[in-house]
Amino acid sequence: MKNRKQMVYKLAEVQKGKGCTGPVDSGGGSGAVRTLGVSTCDCGLDKFLPRWTHWAVLLLTACIRIYYIGQPQSMWILHPDEIFQTVEVAFSEYHGYGFRFYDYLPPPTNATPVEEQELLSGMFSLRSFLLPRVYMLMFSAADFLSLQLLPLTIARAGHVIVTSFLPISVYFLTRRLYPCVLTSQLAAIFTACSLPLSVLGTHALDISLLSPFVVASVTPLVGFFLDTRYNPTAAMLKSYVQNGKDSGTKSDQSSNPTDEKVTNTEVPKETPVSKISVLFKTLSYFMSGFVLGIACYIRVDTVLFVGTLLVTFPLIFTHFNQLLNTILMTVVASCGFVAAVLVGGYEDQFWYGSIFISPRQWLNFNMKNNLPTVLFDNQKPLKFLLEIFFSDIFTSLFTVLTLIGLCVGFFRQSQKRTATLENIITVVLVFLTVIQFASQFLMRQLETRHLHNVIVLVLIISACSFHHILAVLRRSILKEEQLKVLLVLILGLYALNSYSIFPSPSSSPSNPWAYPRMKESRDVNLCLDFVSRQCGVSGVFVDSSLYLTHGYTILNHNVPLLILIHNEYHEYKTRITLLIQHHEKHITEHIRMMNRFTDFIYKDNEFYLKKVLLGRTEYNYVICDKIRAPTFIELGFHHVYSTQGFVVLSRNLDEKEAKKSVSLSRSLVSGENATLLEYEGSWLYTAGVFNVAAERLEKCIETNDARWRPYQLLGMSYVKMRKWELARDVEKRCLQRHGEKTCKQKQARLVLDEDRGHIGGV
């Protein structure tokens, strides 16, 4: 007990700026030396960089990122979520057409078989519309300012402007954590130049958009506990003095003689606080709680980051004389948080018809049922650790220097045999970082993008470590000018390394940050961007994956779209009837849902694909690989635009040519492979497109009637369409071909792609 009181007392002396129980270390550490109300550091580096450095970092980051997204090389997709969980949802709501996936759909009351499987898996209403509203606000601002920009350009520009504020948010958070300005400036620079954060910040992912707001909102709440530790109140000083007296009476007579001087310290009177200052702080706590509530409602896993931070700091740094103020601050911030949750609940009620449904669905889907592991888990365990800490030689060296800096700071303090607030904060940050990594691993969220905010903590720790190293070098080895040259060299190499290995379609395969199909994604989006600027577009066929594109946001035309998803072409048209009855005013006939397609073609069924393009003359643009271009040129298309690997083909048919094309289409067969025809018919039946399914299944039976399942699907299709005579005729044909016993048995469905997942055709 005596040792604990002495440690607390020594910590108090450091916080009061009285030094330690021994003389000030001349070895050149970076311990905090603060007088009351003044933030200083004994490292001598407090004014090492210009005071405006962090603002320059903000401006430079924003300019570079805005310039980057304006380049053709930036048109690639990092992850489908950056479009179909953010921008595309906002675009579809603001402009009235576009894709809307299950994350933002209410549970349908007239579900197809595949949607019934999704309902059983909880794949609906997983996301709050609060996030798309941010992008809708960007679209509204652009319209108000009469900016003649494409919707995708508006969304991407708005996103990178917001994410460019992350370094400044990190600066102010670090400024509240550590006494030295240089530490905060290094943290801001590291954040701006961090390769993972730069990649995520230039792609419209929800976590990168929310991060600046989360860090900025955490700052005043964390600062509440640390400000009084760095600058104790009069009541706290009295407590520290009393602790000193108590420990002095119980300690040995050989205790440090400086204790007597400390215990006689005159406690200054408290300066009255103005009502305006109190009101401003109260409002800042409320707004911090509100913003954090919005962020946590949008991304429920943000609760883990915010919660561990705001639980650990109060437990460690709250003084008993601060309890009343802590309770008041907690109540105010909690009121803001609750208000935000109520706003999110109202949004869920408006869009989905059930209050607070999106966080409940997210928890059930991700935590209770752990479905992402089953459906999407294709990342190797601990790969994210390699990407963050050891992706290349320079990053590995940076990690090693960070560890050395931590050891330098702790070793110097252990020689002084005292606990400093600065090192305690570093220990807390390291502890929180380990907790975050372990939690993400246990939740099987093994992608680097899920660790965005954790990377911020790592970079703050790195800034503190480099501050320790620079302080030691200044005191013992290098002169100030030499140290400045060294620092500029380190920062320059850090930024240059991030620039040199920043992923792009032209990156070599050996680049540790190269992503698959980047070139294809860039080329397809450039082609779509070209089509979006054309007049008279009536239909587009894209011979590439939907998940590599920016969806209708980049196409910017409300036209039929035939596009590849997995290994099948899906056709999306404007629906004549609305199949979702619940809250139908929010799901118009122009909203395309992934499982509400109008046709389904396996990629190897070239016969039917040609038949479709010839018969449906509204498709006047084709985007395809250069190698595949001759296939479509034969159908009457001609070259109008090209990129490195893809081309845009177009056709402009008059009435006579259109009739000839339709006539030629009718003469073509739907396919010659019964397996493909049955597979397509099965999926069409699953999607509720019974008329098209019946046509495909009839052709399947005509080609090869060895399997009886096509008869069963065909009969059920006619039943769904209430064509009873045709259904009875199919039953008779099945009985004649396979017998009554066989026709009543179930036959396994065809599976052409094992990696498709557990949700598939019937």
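**Contacts, helices and the sheet**

Colleague: What does E347 touch, not counting residues up to four places away in sequence?

Modeller: Leaving out those sequence neighbours, E347 touches F129, L130 and R133. Contact here means heavy atoms within 4.5 Å.

Colleague: Where does E347 sit, and is it buried or exposed?

Modeller: E347 lies in helix α15, residues 323–352. It counts as buried because its relative accessibility is 6%. Buried means under 20% relative accessible area, exposed means over 50%, and partly exposed is in between (1.4 Å probe, protein chains only).

Colleague: Before we go on, what am I looking at, and how are things numbered?

Modeller: It's a predicted model, with residues numbered from 1 along each chain as its sequence is written. Local features need pLDDT of at least 70 and side-chain atom pairs count only at pLDDT 80 or more, while totals for chains, interfaces and linings use all residues, and side-chain values use heavy atoms, with hydrogens and water left out.

Colleague: Okay, big picture. How many helices and strands?

Modeller: The protein has 32 helices and 9 strands. These are DSSP runs numbered from the N terminus: H or I over at least four residues for helices, E over at least two for strands.

Colleague: And how much of the protein is buried?

Modeller: 55% of its 762 residues count as buried. Also, taking contacts between residues at least 6 apart in sequence, 74% join residues at least 24 apart.

Colleague: Let's do helices. How do α2 and α7 pack?

Modeller: Helix α2 (residues 53–69) packs on α7 at an angle of about 160°, with the axes 8 Å apart. The two are therefore roughly antiparallel to each other. The crossing is right-handed, and the residues making the contact are H54, W55, V57 and T61 from α2 plus P167, I168, Y171 and F172 from α7. They divide into 6 nonpolar, 2 polar and no charged.

Colleague: Then what about α7 with α21?

Modeller: Helix α7 (residues 166–177) and helix α21 (residues 452–476) pack at about 50°, their axes 11 Å apart. That makes α7 oblique to α21. Their crossing is right-handed. In α7, L166, V170, L173, T174 and L177 meet H452, V456 and I460 of α21. By type, the contact residues divide into 6 nonpolar, 2 polar and no charged.

Colleague: Switching to the sheet. What's the strand order?

Modeller: It's an open sheet of 7 strands, ordered β6-β4-β3-β2-β7-β9-β8, with mixed pairing. The edge strands, each pairing on one side only, are β6 (599–602) and β8 (638–642). Twist averages 25° from one strand to the next. Two strands pair if DSSP finds at least two bridges between them.

Colleague: What does β7 pair with?

Modeller: β7 (residues 621–625) pairs with β2 (residues 540–545) in the parallel sense over 3 bridges, and with β9 (residues 646–650) in the antiparallel sense over 5 bridges. On the β9 side, D625 has F646 as its partner.

Colleague: How covered is β7?

Modeller: Mostly covered: 4 of its 5 residues are buried.

Colleague: Which strands does α25 lie across?

Modeller: Helix α25 (residues 606–615) lies across β2, β3 (561–565), β4 (568–572) and β6, at about 140° to β6. Helix α28 (residues 674–686) lies across β4 and β6, at about 150° to β6.

Colleague: Last one: where's A157, and how far is it from I66?

Modeller: A157 lies in helix α6, residues 151–163. It is partly exposed, with 22% relative accessible area. A157 and I66 are 91 residues apart in sequence and 6.2 Å apart in space, C-alpha to C-alpha.

Methods. Axes fitted to C-alpha atoms, helices over the stretch in contact; angles between N-to-C directions. Parallel < 35°, antiparallel > 145°, perpendicular 65-115°, else oblique. Left-handed = near helix turned anticlockwise from the far one by under 90°. Nonpolar A, V, L, I, M, F, W, Y, C, P; charged D, E, K, R; others polar.
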